[in-house]
Amino acid sequence: MSIDWTAFTPWSALAGGILIGLSASLLLLLHGRIAGISGIVGGLLQAPDGDNRWRIAFLGGLIVAPLVWTLAAGAPTIQVDAGYPTLILAGLLVGFFTRMGAGCTSGHGVCGLSRLSPRSLVATLSFMATGFATVFVLRHLLGA
Amino acid sequence: MPIFAAFLIGLLFGFGLLLSGMINPAKVLGFLDLAGDWDPSLALVMVGAIGVGLIGFGLSGKRRRSVFGEPMRLPTRRNIDRPLVLGGLGFGVGWGLAGFCPGPAITALGAGESGAFVFVAAMLLGMWLFGLWQQKRVRQPS
């Protein structure tokens, strides 16, 4: 392992994380809801409680964010190196397994760990492990 | 009013993803590439988010109703079972393949990123397929 100091952006990463933590805290405080994106999208598909208005509003905020950002600070860097077949496979896996595991990076990784939930710790360690392993296999064994 | 608040809270979450760099799959993969030129930035995203979250969830976790008078819908399950672990493991593979997880992918839609549209469409299909598979399992217990 060698640290890529040119790519390392500690302050914006920390500040961005603080905004995410603030948003998740506000959603719980004001709405009594967990800011888990896979759960919110999945809930929209299944409508378990018949109240989808807050889900649509929250997801709308996410989608509008880059528009406001671009007006204020210029277009964000979004570099997608994966081709469409890889994106489709990745999307299918992320959709299917975040529902199975009842959470993703936001629900388990941010909200669950903030609640000190043992379930979320296990889920987070699981997806971090295969996330690291998948990139290792792709980049260092297959050389993609 | 509560609906507008939910929109602003989503906007704030999106700004966090944009500012932190989580929105950029190349940066996410740089964090997941421990054996290459490792970019530790996203560890600090987690430190910032959980640092604030510990306080926020600590304060509001004890409430019986939210500020808008809604019930506090916190997860009640405590069992560590096979779907939890398998779900996490499978999600990590998909995350590592493209560098997108659900929040950044949906936010990237607003930036007009074509890869995000393909990913999100497949993700919705994956969620729908899980729903089907689960219904089938409930009807025909093994």
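Predicted model: local features only at pLDDT ≥ 70, side-chain atom pairs only at ≥ 80, totals over all residues.
1. The largest cavity holds about 110 Å³ of space. Its lining has 13 residues, and those closest to the centre are A:Ile20, A:Thr105, A:Val110, B:Leu17 and B:Met22. Two or more lining residues come from each of H5 of chain A and helix H1 (2–20), helix H3 (41–60) and helix H5 (102–109) of chain B. By type, the lining of the largest cavity splits into 10 nonpolar residues, 3 polar and no charged.

2. Pocket. The largest pocket has a volume of about 1,200 Å³. It is lined by 40 residues. Nearest its centre lie A:Arg99, A:Ala102, A:Gly103, B:Pro75 and B:Arg77. In type, the lining of the largest pocket divides into 16 nonpolar, 12 polar and 12 charged residues.

3. Which helices give at least two residues each to the lining of the largest pocket? From chain A, they are helix H2 (37–46), helix H3 (53–73), helix H4 (84–100), helix H5 (105–114) and helix H6 (118–141). From chain B, they are helix H4 (82–98) and helix H6 (114–139).

4. Chain A overall. Chain A contains 6 helices and 1 strand. Along the sequence the pattern runs β-α-α-α-α-α-α. The C-alpha trace of chain A spans about 45 × 40 × 35 Å along its principal axes. Of the 144 residues in chain A, 51% are buried.

5. Surface patch. A:Met1, A:Ile3, A:Trp5 and B:Leu34 form a nonpolar patch on the surface. Together they have about 440 Å² of accessible area. A:Ile3 sits in strand S1 (residues 2–3) of chain A. A:Ile3 counts as partly exposed because its relative accessibility is 33%.

6. Positive phi at A:Ala102. Most residues other than glycine have a negative phi. A:Ala102 has a positive value, near 55°. A:Ala102 belongs to the loop between H4 and H5 of chain A. Is A:Ala102 buried or partly exposed? With a relative accessible area of 33%, A:Ala102 is partly exposed. A:Ala102 is also among the residues nearest the centre of the largest pocket.

7. Positive phi at A:Leu116. A:Leu116 is not a glycine, yet its phi is positive, about 55°. A:Leu116 is in the loop between H5 and H6 of chain A. A:Leu116 has a relative accessible area of 66%, so it is exposed.

8. A:His108. A:His108 lies in helix H5 of chain A. The relative accessible area of A:His108 is 6%, so A:His108 is buried. A:His108 and A:Thr70 are 38 residues apart along the chain. Their C-alpha atoms are separated by 29 Å.

9. Salt bridge between chains. Side chains of opposite charge can pair when their charged atoms come close. The count is 4 salt bridges over all chains. One of them pairs B:Asp33 with A:Arg139, with the closest N and O atoms 3.1 Å apart. Why does this pair join two chains? B:Asp33 lies in the loop between helix H2 (25–32) and strand S1 (37–38) of chain B, and A:Arg139 lies in helix H6 of chain A, so the pair joins two chains. B:Asp33 counts as buried because its relative accessibility is 6%. A:Arg139 is partly exposed, with a relative accessible area of 32%.

10. Salt bridges in chain B. B:Asp39 forms a salt bridge with B:Lys27, and the closest N and O atoms are 2.7 Å apart. This pair links distant parts of the chain, 12 residues apart. B:Asp39 is in the loop between S1 and H3 of chain B, and B:Lys27 is in helix H2 of chain B. Both B:Asp39 and B:Lys27 are buried. A further salt bridge brings together the side chains of B:Glu70 and B:Arg73, at 3.7 Å from N to O. B:Arg73 has a relative accessible area of 33%, so B:Arg73 is partly exposed.

Technical notes:
Residues numbered from 1 in each chain as written. Chains lettered and ligands numbered in written order. Heavy atoms only, no water. 1 Å grid on protein atoms, 1.4 Å probe; cavity = no way out; pocket = protein on both sides within 12 Å on 5 of 7 lines; lining within 4 Å. Points joined across faces, edges and corners; volume = space filled by probe spheres on them. Helix = DSSP H or I, 4+ residues; strand = E, 2+ residues; numbered from the N terminus. Nonpolar A, V, L, I, M, F, W, Y, C, P; charged D, E, K, R; others polar. Patch = residues over 30% accessible without salt bridge, like charges linked within 9 Å, V, L, I, M, F, W, Y side chains within 5 Å. Areas by Shrake-Rupley, 256 points an atom, 1.4 Å probe, with all protein chains shown as cover. Buried < 20%, exposed > 50% of the residue type's maximum accessible area, 1.4 Å probe, protein only.
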